[in-house]
Amino acid sequence: MKKKSLAWTLFLFALICAAPPGAEAVTQREALIALYDSTKGESWTSNYGWKSDTVPICEWEGLYCPTDSNDVTVIDLNNNNLDGTIPPEIEYLTNLEQLGLTGNIKLNGIIPPEIGKLTNLANLF
């Protein structure tokens, strides 16, 4: 009887923790592309590498990663003609420590509440 109870408990736990049908984790690349698309990246002053399948993310213009990692920790797109809004997908850049967007006078809208989920974010410009 205890085995059935334990199995049932584990099943319910897995069911509760499972993502809803069709929901998939957003990758770092997808989150960055959402930023590019929502701020008219094709019109940025400099957008080298963005959305490329051949240029590694850490070599995209304005992105910085630690030497031992492929996780973006700094986005520096200051004065780069961003036009639009910061997308909610920003929350998936979980290793982000600094976000620099100053001087982009066409950037508008609210700072998305999802930015509050970035527990490593120390500097927001």
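## Report on a predicted protein chain

Of the 125 residues in the protein chain, 32% are buried. The model is predicted. The accessible surface of the chain comes to about 8100 Å², and carbon and sulfur atoms account for 57% of that area.

The chain has two helices and six strands. Read from the N terminus, the elements follow the order α-α-β-β-β-β-β-β. Among contacts between residues at least 6 apart in sequence, 53% join residues at least 24 apart.

Four strands make up an open sheet with mixed pairing, in the order E1-E2-E4-E6. Strands E1 and E6 are the edge strands, and each of them pairs on one side only. Strand E4 pairs with E6 in the parallel sense over two bridges. Gln-98 has Asn-123 in E6 as its bridge partner.

The table gives the residue ranges of some elements.

| Element | Residues |
|---|---|
| Helix H2 | residues 28-38 |
| Strand E1 | residues 63-64 |
| Strand E4 | residues 98-100 |
| Strand E6 | residues 123-124 |

In soluble globular proteins, nonpolar side chains tend to be buried together. The largest nonpolar core of this chain holds 23 residues, and those that touch the most other members are Leu-32, Trp-50, Trp-60, Leu-63, Ile-75 and Leu-77. Helix H2 gives five residues to this core, the most from any element.

Ile-75 also has contacts beyond its neighbours within four places in sequence: Leu-32, Leu-35, Gly-62, Leu-63, Leu-93, Leu-96, Gln-98, Leu-99 and Gly-100. Of these, Leu-32 and Leu-63 are named with Ile-75 among the core residues touching the most other members.

Definitions and conventions
Residues are numbered from 1 along each chain as its sequence is written. This is a predicted model: local features need pLDDT of at least 70, side-chain atom pairs count only at pLDDT 80 or more; totals for chains, interfaces and linings use all residues. Side-chain values use heavy atoms; hydrogens and water are left out. Two strands pair if DSSP finds at least two bridges between them. Buried means under 20% relative accessible area, exposed over 50%, partly exposed in between (1.4 Å probe, protein chains only). Contact means heavy atoms within 4.5 Å. Accessible areas come from the Shrake-Rupley method with a 1.4 Å probe; for residues, only the protein chains shown count as cover. A nonpolar core is a set of buried Ala, Val, Leu, Ile, Met, Phe, Trp, Tyr and Cys residues joined through side-chain atoms within 4.5 Å.
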